[in-house]
Amino acid sequence: MKENILIIGGGAAGMEAATQLQKMGLTPIIIEKSEALGGHIAQWDRLFPAFHPAKDVVEKMLDQVKDVKTYLNTEVVDIQKDNDSFHAVLSNNEKIDAKAVVLATGFDIFKAERKQEYGYGIYNNVMTSVELEKFFRTGKDERINNPKKIGFVHCVGARDVKVCNTYCSKVCCTTALKQACEIKEVFPDAEVYTFYMDLRMFGPGYEDLYLKTQKDFDVKCVRGRVCEVSEDMDGKLVIKAEDTLFGKPLKMTLDVLVLMCAMEKNKSIDAIQQKLGVANNSDGFMQNSDMYLGMNNTAQDGVFVAGACTAPKSLPDTIGEARSVATQVYNYINR
Amino acid sequence: MIVEGKQKIWADYQKDIPDDHYFYVRSCIRQSFWPASEVTFLDIVRNKLGKDFYENEYHTTCGGIAYHSDSIPQETAMTIIARQFALMHESGYENYVCSCITSFGLYTETLETWHEFPELEAKIRQYLWDSCKKEFAKPKYLAHASDMIYKFRFDIAKQMKFPLVNVKTGKPLKVVEHIGCHYSKMFPSKGFGGAEYPHVLVGMVEAWGGEVVDYPERRQCCGFGFRQYFVQANRGYSVSNTHKKFESMEPYEPDLIITNCPGCPYFLDRWQYVIAEQTGKTYGKNGYGIPALTYEEVAGLVMGYDPWDLGLQVHQVAIEPLLEKMGIPYDPKRKYQGVNGKDLGVPQCPMHIKSV
Amino acid sequence: MNSQIFHPFVLPFVLGMAFVLTYCFVGLIRVISQLPKDDRKKLGRSLVTPKTAWANIRDLFGDCLFHVKIWKRNPVLGYMHTAIAFGWFMIIVIGHVMLFTLKPLQGVEVEGLQGMFTNFYYPIFFKYFAEETPVFAFLMDFFLLMIISGILIAVVKKIHSKIVGVKRVMHFGFADTLIRFALWTIFPFRLIAEKTNIMAFWWLYSIDLLIFMCMLPFTRYMHIPTEALFILLRHAGIKVTEPRKGYALAELYSCPSCGLCIDACPMSVNDKMSGNTSAYFMKKLRNNDTEESQRIAETCLMCGKCVKICPLSIESCDIKFSQRAAVPYNINSDHSYLNVISTEAEKSQTNNHKPHVLYFAGCMTQLTPKIMRAMKQIMDKAGEDYQIMDENGGICCGRPMLLSGKVAEAKAMIEKNTELIKKSGAKRLVLSCPICYKVFKDEYHLEGIEILHHTQYIEELIKCGKIYVDRGDTKYVYHDPCELGRAFEIYDEPRYVIHSLGQIVDAKSEKENSICCGGSLGSFNLTQQERDAITENSVNDLMFNNPDEIVTACPLCLKTFARKSPVKVKDIAEIVSEKL
Amino acid sequence: MDFGFCLSPSSHVKMDSIDLTTFNRLKETNPDVNTCIACGSCTATCTAGNFTEMSFRRLLLMLQRGKEDEANKMIQRCMLCGKCTLVCPRGINIRKILLDITR
């Protein structure tokens, strides 16, 4: 049994699904559009809730897929289903036949400039959570210059009908608190504020992280959304928000403002997704057949989904789904 | 500040508007407060730029003030508007340009509402017929008068005599641009540059050699806020809001404020006097205020109109320091002379803010 | 025998004796002068009143010399203390008797100043200066050996306290350690000097006495002279008013730092917390360490166990209380809003019905509504004519405010509650919370109204047949709440009630030895983790005989135990209502 | 000149210039003050809150937003009964903090 399984996307979901499928005796093939495997997680410095280095996880995952046939810098440009096999054409003109397709295309980061009132791309010291993570990884970012006051805005591009994203992006709350602690580690004298609408600490150890953020790191969590950002004469950011717990508007000057950008559906796969007959759900992510028992299945036989392509997910969620998709594919092949 | 970021937004929020042939409607407030501005506008577009802007003596208020003060229902306001459109239609025009921001906002709101609820449009059509026996056609293009000046800003720049430059230092004047709330805050796509970083006035200032200051309270309302101003007891809110803006812009030392709304220049101008009376503080240099001008007045100034013909003497804040900065000659004796040289009398000088 | 009347080696002793007597005299004057005028009068009266005079004599002997209370608690320690104190006392007494009865000495010509001092040093260094008769020699040697046997126990206790049944002992500083060694060596040196008559040991003996007496005022051994004064003051009925003045000062110096309260204290579940015990508090306050004594005063649970077991009955909780009250506050309370409430309450009592029983649940019971429900069921069943005073929330009884040392502020609440209670026209007031009970009993003036805790009330209902309960075979253990047990010795009523419901087993520590649940409002500083440790220890103690259920009579104990108990925790009213 | 109206103070809490002395002093002895999650249990159960505006949750926020006068006024209502401490899900030693604020 050496059936080809086409896995589109070489991030956490794609790599983990490939690892499991290979162990099951199938032949996974990973198509990754960027120049390396690892996806978003490879760009991350440390993981919540326990500040675990992302590198450790990524390296282990990479090691597990070292024998998996992988195409880098490659996209699927066309795909057809013929009876029970799929014929894919890659951007390098290679053709691949596979018995099943796993969509593990993950997410895109919300384009922060779309929330114009936050002035990303206009004010010098407004940055995104992804850029801050890069700073933690590399120690370099010209916006971060011994800041004294740092603010985090939650739900940028999430839970916001104004940008047509009404869903919760799930991981940003915990990420914000993690990053707030980390920036406090780098600049212990800085005052750090997070502006949240709700703090959704849904996983094990997350609430502990929240407590630690407040108690050990003295991060000030303010319930209220930053509504507008301006720049003052010194290039510092003047923000306005309401402290909704206090019932009064706040105004303060910050040196750096970090926008916790939401996950959005990775749209670069739209054309292929359409050809495979996989629809989107109301949040714009891929529609699986049902959220309980069919979370890896789609309306199309032989086409499976895993990871953040169906909804914003944390890394453990994604890995769990990748493992379950492998079982689904295996059962499908041996049906 | 990353200019490229703003330019990208400006590029995203552009609208196509026709070059010529407009049905022009005046603003209730502007023709009372700044009558010369509308005269100047028509003079510029008709005589300096050679465009066709038609006015009809039968047009009335759009009903915006009553509507925003909650004294007439939306249908009434819409019927009034339908009548203006009927006048435009009867005059053979299909491009509508209004002088008032509130009107512009209300026209936009009305057109968008009719678009979403065609049955309402049908109802208003009936109301208009029942009340006036008129039929209307919706304008093909709706623009605000400042959109026109924005559109022709480079043509105006070609005829410019006094750029927005301090003749003594050679440096560009620092200009605060203040957009009327109803210009694009309700419908960002209907204004040049959108709601967050509107370009309509910035474009003019930059085309005429000035430098725009972006201060933290830039987005704030001038303080008019219909319900706040109309009730005397609430005027404290109005002046407090204006005060907040001036406190925020003060460190930038702006030379003038340019506005595109009927109320804004009025409140930004008169409240400077009230603030000075109450706190003793003035925001310009040497006890002067910061002149708050309409875009037509600024256009008129750079094009070399006589300041007193532009009606700058009706501003509370003395204009002379700005004229001197720009090197515009003026005759102080003419300041308080009427149309035929009639002496209008010199107003009393306030305690804290210089009027001459 | 050296037939002379003076030798320079007596000088250290004489110096020491002079110093210590002067110090004690000055101290006595100071304490007396710091007493409020009324207290001084009380003291004077008590000395001549036969009843108190007898009590003084009884306790001076019983407590100071024989340490009766320590005997009761721990015979080994009792012997240790008696041996040293009584033995030393006897040596001094017999020495003086010898001095005046033995012929050879009366022949010695003593005159003037020297003669005065000889009265001091003769009995002490008798064997150096004179010959004893065999009877006296035997008595002196007997008591000397008795003291040394006591000291041997002390040495053992110091090396390994558990042998003598003590878990935790005080940790002392340099001065206390030095004087202890001085004390331990005084008597062996005396023995050696007397038996060998080596001059060096006479010197060592005398110098040892000098060290001991000079250090005495600055160490815990000051309790030896102070205790006598303290007993007199206590019997005069004097109370603590200020933390370091008058009576409190006498108490501070009377505390021998014996450390018995350390093992008794509920906080002694770990080393860190055992530093919060009364012995340390007294020591810090004696040393004028205001910050630390303040911290301990505010950490104390105020369970009163240390006071109960103190061999001297030192009221350390009162001193802590006065220490709390001594803190200045920048913001004072304003409870003027309570005025409005009374009119509200009046409105709700328009029907003019005067209930027989008024039930006041209290704040803590608001958090344990099952107690209130059970009480309602019981009172309904008993057909009582009752009214609930705070069904929709009431005014705090004032005890927690008092515990913070804010006496005047507590008064506002006490007055308002008094007014409401009196207005109700009820004859009896039933309380579910011992915290309330304590303050109602101590601070409220409710003449003509009987104040009952619900344990007492339920017992009465059962006894007079107003309610009938079924006896089951559940094994209950009863936890004595501090403010019901130790404060008012209500031990039997709850046990009677529980006994009529099922089997009652003993806890390891009971009644006056009951361990605080850890939830006490008395403490301000304890963290949740520290409280949890206390609660766990207390639960373990209650679980000693594997009961099926823990029964308590305090809503706060109930709530606290419920966090940590392996078995169900119920209020006494609850178990009664279950078996009605 | 009397206009019949006047400048009203801004309702904004100006975080750049507020005085946090009391809160910072509290934080040193009670690191717990940072851990409130504004669940409101303390307010809901408050004995004094039954009759007044007393709310510990709000009190803490007042101190964090520089409204010391308001906080000082509110705290006078407290009866120190300790119910708040018993219900706090974060185990904040509220009674102790209340006492410390008034010192």
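Me: Before we look at the chains, what counts as a contact here?
Reply: Two residues are in contact if their C-beta atoms, placed from the backbone, lie within 7 Å, and please keep in mind throughout that this is a predicted model.

Me: Fine. Which chains share the most contacts?
Reply: Chains C and D do, out of the four pairs of chains in contact. In that pairing, 24 residues of chain D are in contact with 24 residues of chain C.

Me: Which elements of chain D give two or more residues to that side?
Reply: On the side of chain D that touches chain C, they are α4 (68-75), α5 (83-87) and α6 (94-101) of chain D.

Me: And how is that side made up by class?
Reply: The side of chain D that touches chain C has nine nonpolar, ten polar and five charged residues.

Me: How many residues of chain D are in contact with chain B?
Reply: Eight residues of chain D are in contact with 13 residues of chain B, and by class the chain D side of that contact has five nonpolar and three polar residues, with no charged residues.

Me: Which chains do not touch chain C?
Reply: No contact joins chain A and chain C, and their closest C-alpha atoms lie 14 Å apart. Chain B and chain C do not touch either, with 33 Å between their nearest C-alpha atoms.

Me: While we're on chain C, is helix α13 buried or exposed?
Reply: Eight of the eight residues of helix α13 (residues 247-254) of chain C are buried, so the helix is largely enclosed by the rest of the structure. Among them are Tyr247(C), Leu249(C), Glu251(C) and Tyr253(C).

Me: What do those buried residues pack against?
Reply: The buried residues of α13(C) pack against four helices of chain C, namely α1 (10-34), α12 (223-235), α16 (278-286) and α19 (316-325).

Me: Switching to chain A, how is it divided?
Reply: Chain A is divided into domain 1, which takes in 4-106 + 266-333, and domain 2, which covers 112-263. The centres of the two domains of chain A, taken over C-alpha atoms, are separated by 31 Å, and the contact takes 13 residues from domain 1 and 18 residues from domain 2. By class, the side of domain 1 of chain A that touches domain 2 has seven nonpolar, two polar and four charged residues.

Me: What's the secondary structure of chain A, and how compact is the chain?
Reply: The secondary structure of chain A comes to seven helices and 20 strands. The radius of gyration of chain A is 21 Å, close to the 20 Å that the globule rule gives for 335 residues, so chain A is as compact as a globular protein of that length. Along its principal axes the C-alpha trace of chain A spans about 65 × 35 × 35 Å, and 48% of the 335 residues count as buried.

Me: In what order do the strands of the five-stranded sheet in chain A run?
Reply: The order is β11-β18-β12-β13-β14 (chain A), in an open sheet with parallel pairing. At the edges stand β11 (126-128) and β14 (220-223) of chain A, each with a single partner strand, so one side of each is left without a neighbour in the sheet. Neighbouring strands of this sheet are turned by 25 degrees against each other on average, direction ignored.

Me: How many bridges do β12 and β13 of chain A pair over?
Reply: Strand β12 (residues 149-156) and strand β13 (residues 191-196) of chain A pair in the parallel sense over five bridges, and Phe152(A) stands opposite Thr194(A) in β13(A).

Me: What packs on the sheet?
Reply: Helix α3 (residues 129-138) of chain A packs on the sheet, touching β11 and β18 (256-261) of chain A, and the direction of the helix makes about 115 degrees with that of β18(A).

Terms used: Residues are numbered from 1 along each chain as its sequence is written. Chains are lettered from A and ligands numbered from 1 in the order in which they are written. This is a predicted model: local features need pLDDT of at least 70, side-chain atom pairs count only at pLDDT 80 or more; totals for chains, interfaces and linings use all residues. Ala, Val, Leu, Ile, Met, Phe, Trp, Tyr, Cys and Pro count as nonpolar, Asp, Glu, Lys and Arg as charged, and the others, Gly among them, as polar. A residue is buried if 20 or more other C-beta atoms lie within 10 Å of its own, exposed if 12 or fewer, and partly exposed in between; C-beta atoms are placed from the backbone. Domain bounds come from an automatic or database domain assignment. Two strands pair if DSSP finds at least two bridges between them. Axes are lines fitted to C-alpha atoms, for helices over the stretch in contact, and angles run from 0 to 180 degrees between N-to-C directions. The radius of gyration is taken over C-alpha atoms; the globule rule is 2.2 Å times the number of residues to the power 0.38.
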